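Thanks for coming. I will go through one structure today, beginning with the whole chain and ending with one part of it.

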Amino acid sequence: MTAQRDFIPLNLCVLTVSDSRTLAEDSSGDYLIQSLTDAGHRLVERKLLPDDRYKLRAAVSQWIADESVDGILVTGGTGFTGRDSTPEALLPLLDKEMPGFGELFRAISFEEIGTSTLQSRAFAGLANATFVFCLPGSTSACRTAWEKIVSAQLDARTRPCNLATLRPRLKE
């Protein structure tokens, strides 16, 4: 079986969680948008919200309910400070968690930042057939996640398997 797979462009949303940045200062969100569009995917919507679990949950719930949205990339709010609440906000929305994402991210990140990676609560999962990736807020962490994990899994050409080709079967 050597059939070549075609690229499938996905519709993605980007949410930056920050109490201190504006869109003009959002280098992590900018990086993710540039990367996903360079890869051939489509940006559906971008938001920047403060680290408020109810505002985060409302925005992501809206995207999850939208059948045209295939995935959501969230950057920020995954650390250990008192204001970091992305996991508390969004984990309850997931139908299925993807534990391997956080584990793999931290393993790769260990090579870059050592034991500081244990402070990351990065995670991913599936909600209403929509992929949700929650990444740390730093641009370098977003680059690590995108370049070493997410981009390949959202590319239908990745062998032996990828998330993009699972999409038709997610609601079985």
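The protein chain has five helices and six strands, where helices (H or I, at least four residues) and strands (E, at least two) are DSSP runs, numbered from the N terminus. This is a predicted model, in which local features need pLDDT of at least 70 and side-chain atom pairs pLDDT 80 or more, while totals for chains, interfaces and linings use all residues. Residues are numbered from 1 along each chain as its sequence is written, and side-chain values use heavy atoms, without hydrogens and water.

From the N terminus, the order of elements is β-α-β-α-β-α-β-α-β-β-α. The radius of gyration is 15 Å, close to the 16 Å that the globule rule gives for 172 residues, so the chain is as compact as a globular protein of that length. That radius is taken over C-alpha atoms, and the rule is 2.2 Å times the number of residues to the power 0.38.

Of the 172 residues, 46% are buried, meaning under 20% relative accessible area with a 1.4 Å probe, protein chains only.

Now to strand 6, residues 130–135. Six of its six residues are buried: Thr130, Val132 and Cys134 on one side, Phe131, Phe133 and Leu135 on the other.

Which strands pair with strand 6? Pairing here requires at least two bridges found by DSSP. Strand 3, residues 71–75, pairs with strand 6 in the parallel sense over five bridges, and leucine 73 has phenylalanine 133 as its bridge partner. Strand 5, residues 123–127, runs antiparallel to strand 6, also with five bridges; there, alanine 124 stands opposite phenylalanine 133. Strands 5 and 6 form a hairpin with two residues between them, and asparagine 128 in the turn has a positive phi of about 50°.

Key
Buried means under 20% relative accessible area, exposed over 50%, partly exposed in between (1.4 Å probe, protein chains only).
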